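Biologist: Before I plan anything around this model, I would like to know what stands behind the words used for it. Please show me the structure, and I will ask about the terms one by one.

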Amino acid sequence: MSSTAIRAPAARAARPGRPRQSAWIHRRDRRGLWFVVPFLVAFLLFMIAPLGYAIYTSLYTSRIIGGTVFSGGANYTTTFQSGEFWSGTVRVIIYAAIQIPVMLAIAFFFATIFDLGVAKWGRLFRTIFFIPFAVPAVVGAVMWAFLLEPQFGPFVHAANAVGFSNVDFFSPNLMLPSIIVIVIWEWTGYNMVILYTALKSVPRDVVEAAILDDTPLWKIIIRVKLPLVRPAIVLLLFLNLIGALQLFTEPLILQYFEPQAISVNYTPMLYIYNTGIAGAQYNLAAAAAVVLGLVIVVISVASLAFRRSRGGVSR
Amino acid sequence: MRSATTSDNHVPNAQAPGESPSGRGRRLRAGGGRRRRAARDNLPEDVIPIEMYGLKRGTTTVLTTVCALFALFTLAPIAWIVINSTKTQANIFETFGFWFARPFALFHNFALLGQNVDGYGTYIQWLGNTALYAVLGGGGATALAAFAGYGFARFSFRGSRALFYLVIAALLVPISAITLPLYLTYAKVHLINSIWGMILPSMVSPVGVYLMRVFVEVSVPRELIDAARLDGASELRIFFRLALPLMVPGLMTVLLLSVVGVWNNYFLPLIIFSQNRLYPLTVGIGLWAQRAQNSGNAELFPLVVIGGLVTIIPLIALFLVLQRYWRSGLLLGSIAN
């Protein structure tokens, strides 16, 4: 984002240097604004305004006596000092650190297989892998909850049959791995399709040149193809990261099935939901939402900066 | 566009083996069958015959097996929900999850979807709500994105760049930071328990705007628009008659993504609806699952299962029918590049 902010004024400054646009073009271009206005109105009303209102609300506190009063950073202090908010935040960071690399590795593995055409029925498999994208997270979580359920779930029976007795996928230790499996099930296909498309656009002659040089296949994949699809991987890293830090639906549904293993504040989103909706502490929940938003923006921008600095070296 | 150039490449490539310095080149000829298959599948014909990579024949078998195993993992929950939608409540728990059991209760379960079981709401009504929200929200998002994407791609009015970057920056803003404040704002403007509280925010799709802009850049030539202008056509007429038909593949992709987004949305409707007659499917099924577990309404379990199945069927069908839009990776890929 930072580079774009720098580039925008530069482009505007350059405009007088260009051949002068006629008044006709200028008037025409102004008309373009009308194409953008409908979206902008909705965008302002349903994205920017709520964001502003969240920040505003977070600075106030409602008391039973005295009504709503300005309280400055009090809600932020409460959020920052809330052990449950931070333990939830640390949990989703750990979750993201495991789930995203594993999923991207699986997705890249299959995308490569389909791109090389080294498995039969690639078209059929690609369609199958993409199916979970069409399944709502609620339904996905419900299905997996039944499958993993400790008493009657078939997967537990299977684990018993193979020799692992007393496996409890919903025990506090295995709950997070179970959620990771569910999310990997939901999103691998989508990631695979994007990576596959990116791999398909790697020029054929580049690969053929490498083959004629007797480059081993693994080297072609790691040294030739991987660097060329890096923009796609970075994009997916972002999308997955933003999604992972907002983990909500899966733990909420699993909580219905196993309340002992998932606390009401298991993730920051559950904390916000629990505080704001169930607990009706709107101001505090707004502050927590702002903090979570900042955490996400900071992590995203940091990884962008990290990527840029590394990208500069490798190129 | 790409397939045209690569098919030209084919001829020299196919004749290459004799001159190839690498021994692997000899195996090129074996790729003929694959290529024919690729042509039949309408795939871009740029699959390099696997023999060129120096892979053994057995590799294909091994990798196909790996794919099959992952497909099994992917399909297991789907198979489970299909099988268990035919079971009674007792059998869901007492019989093996991956095989059928008597009595065959599919039609009985299915009929329950039209009833208001235990007063928690009627599935068929939720299905209607979901379709309404998805069509209006997804359709609206696509329309707004088409206008805005075209505006950003083909006009450079004052501040257009800055505005576009603002929209892109919104991709970073977490839904959580928007949804709860939306709820608070709704309380002030009476949009709680209003279908518009669900539909209107669903029409805001920054990703859609980005995708449409990229799509217009590559598929609606500037010269074409300028020519129409010289002929005296109005901007709106140019958009509807000239640009829009060229944007159809992009529109379909954005529509598909937005409809799925609304169909699967859970957090926003969960927060803003307290009357079950307004629920979309996700919230209704979530409520059933919760009540079945925690309020002793175990008779809801078969409903959760059949309800889940009926929820995913329309979307899976939609994806299979519109395969070429997501499969060609059309815009999904252009985000990435």
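Modeller: Here it is, and bear in mind that this is a predicted model. Chain B has 18 helices and zero strands.

Biologist: What share of chain B is buried, and what makes a residue buried?

Modeller: Buried residues make up 40% of the 337 residues in chain B.

Biologist: Why is B:Leu75 called partly exposed?

Modeller: B:Leu75 has 15 C-beta neighbours inside 10 Å. Buried needs 20 or more and exposed needs 12 or fewer, so B:Leu75, with 15, counts as partly exposed. B:Leu75 is found in helix H3 (residues 57–84) of chain B.

Biologist: How far is B:Leu75 from B:Asp226, in sequence and in space?

Modeller: The two are 151 residues apart in sequence, and their C-alpha atoms are 51 Å apart. For chain B as a whole, take the contacts with a separation of 6 or more: residues 24 or more positions apart account for 67% of them.

Biologist: What makes A:Ala288 a contact of residues such as A:Phe85?

Modeller: Two residues are in contact if their C-beta atoms lie within 7 Å. Leaving aside neighbours within four places in sequence, A:Ala288 is in contact with A:Thr79, A:Phe85, A:Pro268, A:Tyr271, A:Ile272 and A:Thr275.

Biologist: Which residues touch the most other members of the largest nonpolar core?

Modeller: That core has 176 residues, and A:Val142, A:Leu195, A:Ala288 and B:Val304 touch the most other members. Helix H9 (residues 172–200) of chain A gives this core its largest share, 15 residues.

Biologist: How many residues does each chain bring to the contact between chains A and B?

Modeller: Chain A brings 92 residues and chain B brings 99. On the side of chain A that touches chain B, helix H3 (residues 33–58) of chain A gives the most, with 16 residues. By class, that side has 71 nonpolar, 12 polar and nine charged residues.

Biologist: Which domains does chain A have, and how many residues does each give to the contact between them?

Modeller: The domain assignment gives domain 1 (2–72) and domain 2 (83–314). Seven residues of the contact come from domain 1 and six from domain 2. On the domain 1 side, H3 and strand E1 (60–63) of chain A each give two or more residues, and H3(A) gives the most, with four. By class, the domain 1 side has three nonpolar, four polar and no charged residues.

Notes
Residues are numbered from 1 along each chain as its sequence is written. Chains are lettered from A and ligands numbered from 1 in the order in which they are written. This is a predicted model: local features need pLDDT of at least 70, side-chain atom pairs count only at pLDDT 80 or more; totals for chains, interfaces and linings use all residues. Ala, Val, Leu, Ile, Met, Phe, Trp, Tyr, Cys and Pro count as nonpolar, Asp, Glu, Lys and Arg as charged, and the others, Gly among them, as polar. A nonpolar core is a set of buried Ala, Val, Leu, Ile, Met, Phe, Trp, Tyr and Cys residues joined through C-beta atoms within 7 Å. Domain bounds come from an automatic or database domain assignment.
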